[in-house]
Amino acid sequence: MMWQKQFDTPLGSMTAASDGSAITGLWFDDQEHFGSTLPAATPTGDCPVFDQLATWLAAYFDGAQPSVTFPVRPDGTPLRRQVWQVLRTIPYGQVWTYGEIADKVAMAIGHNPGARAVGGAVGHNPISLVIPCHRVVGKNGDLTGYAGGLKRKQWLLELEGPLK
(Lines give C-alpha, C1' and ligand atoms only; values in the text may rest on other atoms or scores of the structure.)
Protein backbone atom coordinates (compact mmCIF):
# COMPACT_ATOMS: atom_id res chain seq x y z
CA MET A 1 0.00 0.00 0.00
CA MET A 2 1.30 3.46 -0.90
CA TRP A 3 0.75 6.57 1.20
CA GLN A 4 1.41 10.24 0.70
CA LYS A 5 1.79 13.13 3.12
CA GLN A 6 2.31 16.89 2.81
CA PHE A 7 5.14 18.73 4.54
CA ASP A 8 5.56 22.48 4.86
CA THR A 9 9.14 23.70 4.41
CA PRO A 10 10.79 27.12 4.15
CA LEU A 11 10.91 26.54 0.39
CA GLY A 12 7.28 25.55 -0.04
CA SER A 13 5.05 22.57 0.34
CA MET A 14 6.46 19.12 -0.37
CA THR A 15 4.71 15.81 -0.93
CA ALA A 16 6.28 12.60 0.32
CA ALA A 17 5.39 9.08 -0.74
CA SER A 18 5.98 5.83 1.11
CA ASP A 19 5.30 2.16 0.63
CA GLY A 20 4.79 1.94 4.40
CA SER A 21 8.39 1.11 5.22
CA ALA A 22 10.56 3.39 3.04
CA ILE A 23 10.38 6.83 1.48
CA THR A 24 9.74 6.35 -2.22
CA GLY A 25 9.24 9.99 -3.23
CA LEU A 26 9.71 13.56 -2.03
CA TRP A 27 8.89 16.47 -4.29
CA PHE A 28 8.32 20.19 -4.07
CA ASP A 29 4.69 20.52 -5.11
CA ASP A 30 5.51 22.70 -8.13
CA GLN A 31 8.66 20.99 -9.34
CA GLU A 32 9.22 19.25 -12.66
CA HIS A 33 8.46 15.53 -12.62
CA PHE A 34 6.27 15.97 -9.52
CA GLY A 35 4.87 12.64 -8.39
CA SER A 36 6.73 10.70 -11.07
CA THR A 37 6.61 7.54 -8.96
CA LEU A 38 3.39 8.35 -7.08
CA PRO A 39 0.46 6.25 -8.27
CA ALA A 40 -2.75 8.13 -9.06
CA ALA A 41 -5.21 8.36 -6.17
CA THR A 42 -2.59 7.50 -3.55
CA PRO A 43 -4.30 8.08 -0.21
CA THR A 44 -3.05 10.53 2.36
CA GLY A 45 -1.93 8.72 5.45
CA ASP A 46 0.70 8.37 8.08
CA CYS A 47 3.38 5.83 8.77
CA PRO A 48 6.48 5.79 11.01
CA VAL A 49 8.86 6.63 8.16
CA PHE A 50 6.98 9.91 7.61
CA ASP A 51 7.70 10.82 11.24
CA GLN A 52 11.39 10.10 10.64
CA LEU A 53 11.31 12.21 7.48
CA ALA A 54 9.64 15.09 9.36
CA THR A 55 12.41 15.02 11.96
CA TRP A 56 15.06 14.93 9.22
CA LEU A 57 13.47 17.84 7.30
CA ALA A 58 13.24 19.98 10.44
CA ALA A 59 16.90 19.37 11.27
CA TYR A 60 18.00 19.93 7.68
CA PHE A 61 16.17 23.25 7.35
CA ASP A 62 17.57 24.31 10.73
CA GLY A 63 21.03 24.05 9.14
CA ALA A 64 22.06 20.75 10.69
CA GLN A 65 23.68 17.93 8.76
CA PRO A 66 21.28 15.11 9.60
CA SER A 67 22.12 11.57 8.58
CA VAL A 68 19.54 9.66 6.60
CA THR A 69 18.76 6.81 8.98
CA PHE A 70 15.41 5.87 7.48
CA PRO A 71 15.03 3.65 4.41
CA VAL A 72 14.67 5.20 0.96
CA ARG A 73 13.60 3.24 -2.09
CA PRO A 74 13.62 5.25 -5.32
CA ASP A 75 12.12 3.49 -8.32
CA GLY A 76 13.90 3.83 -11.64
CA THR A 77 16.05 2.17 -14.25
CA PRO A 78 19.28 0.49 -13.13
CA LEU A 79 21.33 3.45 -14.43
CA ARG A 80 19.17 5.98 -12.62
CA ARG A 81 19.33 3.99 -9.38
CA GLN A 82 23.13 3.88 -9.66
CA VAL A 83 23.31 7.65 -10.24
CA TRP A 84 21.03 8.25 -7.25
CA GLN A 85 23.25 6.00 -5.13
CA VAL A 86 26.26 8.13 -6.10
CA LEU A 87 24.32 11.32 -5.30
CA ARG A 88 23.78 10.01 -1.78
CA THR A 89 27.57 10.04 -1.28
CA ILE A 90 28.03 13.75 -2.02
CA PRO A 91 28.99 15.22 1.34
CA TYR A 92 26.90 17.96 2.91
CA GLY A 93 28.35 21.34 1.99
CA GLN A 94 30.05 20.11 -1.19
CA VAL A 95 29.12 20.08 -4.86
CA TRP A 96 30.12 17.68 -7.61
CA THR A 97 29.85 18.09 -11.36
CA TYR A 98 27.86 15.88 -13.69
CA GLY A 99 31.17 14.66 -15.12
CA GLU A 100 32.47 13.68 -11.69
CA ILE A 101 29.29 11.75 -11.05
CA ALA A 102 29.58 10.03 -14.46
CA ASP A 103 33.12 8.95 -13.55
CA LYS A 104 31.94 7.49 -10.25
CA VAL A 105 29.04 5.69 -11.92
CA ALA A 106 31.50 4.30 -14.48
CA MET A 107 33.50 2.65 -11.70
CA ALA A 108 30.33 0.89 -10.54
CA ILE A 109 28.90 -0.19 -13.90
CA GLY A 110 32.03 -0.66 -15.99
CA HIS A 111 31.51 2.12 -18.53
CA ASN A 112 30.99 5.86 -18.48
CA PRO A 113 27.36 6.70 -19.25
CA GLY A 114 28.29 10.32 -19.99
CA ALA A 115 27.29 13.58 -18.40
CA ARG A 116 24.02 13.83 -20.39
CA ALA A 117 22.73 10.46 -19.20
CA VAL A 118 23.76 11.39 -15.67
CA GLY A 119 21.96 14.73 -16.06
CA GLY A 120 18.77 12.94 -17.06
CA ALA A 121 18.99 10.69 -14.02
CA VAL A 122 19.74 13.60 -11.70
CA GLY A 123 16.78 15.54 -13.09
CA HIS A 124 14.41 12.63 -12.50
CA ASN A 125 15.48 12.00 -8.91
CA PRO A 126 12.21 11.16 -7.13
CA ILE A 127 13.47 11.86 -3.59
CA SER A 128 14.53 15.51 -3.46
CA LEU A 129 16.83 16.74 -0.67
CA VAL A 130 17.30 13.29 0.88
CA ILE A 131 19.02 12.21 -2.34
CA PRO A 132 20.85 15.52 -2.77
CA CYS A 133 20.59 16.28 -6.48
CA HIS A 134 20.80 19.98 -5.60
CA ARG A 135 24.53 19.41 -4.94
CA VAL A 136 25.24 18.83 -8.63
CA VAL A 137 26.66 21.69 -10.70
CA GLY A 138 27.93 22.26 -14.22
CA LYS A 139 31.55 21.59 -15.12
CA ASN A 140 32.57 25.18 -14.38
CA GLY A 141 30.65 25.24 -11.09
CA ASP A 142 27.65 26.91 -12.69
CA LEU A 143 24.25 26.34 -11.13
CA THR A 144 22.44 24.36 -13.78
CA GLY A 145 19.13 22.56 -13.92
CA TYR A 146 17.21 21.65 -10.80
CA ALA A 147 13.70 20.23 -11.02
CA GLY A 148 12.76 22.29 -7.96
CA GLY A 149 13.98 25.50 -9.61
CA LEU A 150 17.31 27.30 -9.58
CA LYS A 151 16.26 29.73 -6.82
CA ARG A 152 15.64 26.77 -4.51
CA LYS A 153 18.93 25.17 -5.53
CA GLN A 154 20.79 28.38 -4.72
CA TRP A 155 18.99 28.67 -1.36
CA LEU A 156 19.84 25.05 -0.46
CA LEU A 157 23.50 25.47 -1.38
CA GLU A 158 23.68 28.68 0.62
CA LEU A 159 22.17 26.83 3.59
CA GLU A 160 24.79 24.08 3.26
CA GLY A 161 27.72 26.41 2.72
CA PRO A 162 29.17 26.11 -0.80
CA LEU A 163 27.67 29.45 -1.89
CA LYS A 164 28.13 31.46 1.32
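Residues are numbered from 1 along each chain as its sequence is written, and side-chain values use heavy atoms, with hydrogens and water left out. In this predicted model, local features need pLDDT of at least 70 and side-chain atom pairs count only at pLDDT 80 or more, whereas totals for chains, interfaces and linings use all residues.

**Exercise 1. Determine how helix α3 packs on helix α4, and which residues meet.**

Step 1. Helices are DSSP runs of H or I with at least four residues, strands are runs of E with at least two, and both are numbered from the N terminus. Helix α3 covers residues 98-109 and helix α4 residues 115-123.

Step 2. Axes are lines fitted to C-alpha atoms, for helices over the stretch in contact, and angles run from 0 to 180 degrees between N-to-C directions. The axes of α3 and α4 lie 9 Å apart, at an angle of about 95 degrees. The two helices are therefore roughly perpendicular (65 to 115 degrees; under 35 is roughly parallel, over 145 roughly antiparallel, the rest oblique).

Step 3. With contact meaning heavy atoms within 4.5 Å, Tyr98, Gly99, Ile101 and Ala102 of α3 meet Ala115, Val118, Gly119 and Val122 of α4. By class, this contact holds six nonpolar, two polar and no charged residues. Ala, Val, Leu, Ile, Met, Phe, Trp, Tyr, Cys and Pro count as nonpolar, Asp, Glu, Lys and Arg as charged, and the others, Gly among them, as polar.

**Exercise 2. Carry out the analysis for helix α2 and α4.**

Step 1. Helix α2 spans residues 78-87, and its axis comes within 9 Å of that of α4, crossing at roughly 80 degrees. This pair is therefore roughly perpendicular.

Step 2. On the α2 side, Leu79, Arg80, Val83, Trp84 and Leu87 take part; on the α4 side, Ala117, Val118, Gly120, Ala121 and Val122. The contact comprises eight nonpolar residues, one polar and one charged.

**Exercise 3. Count the aromatic pairs and characterise the pair of Phe61 and Trp155.**

Step 1. Rings of Phe, Tyr and Trp (its six-membered ring) pair if their centres lie within 6.5 Å; planes under 30 degrees apart count as stacked, over 60 as edge-to-face and the rest as tilted. The count by this rule is six aromatic pairs.

Step 2. Phe61 and Trp155 are 5.8 Å apart centre to centre, with 50 degrees between the planes, a tilted pair. Phe61 belongs to helix α1 (residues 48-61) and Trp155 to helix α5 (residues 150-160), so the pair ties together parts 94 residues apart in sequence.

Step 3. Relative accessible area under 20% means buried, over 50% exposed, and in between partly exposed (1.4 Å probe, protein chains only). Phe61 is buried at 12%, while Trp155 is partly exposed at 31%.

Step 4. Ring pairs link Trp56, Tyr60, Phe61, Tyr92 and Trp155 into a cluster.
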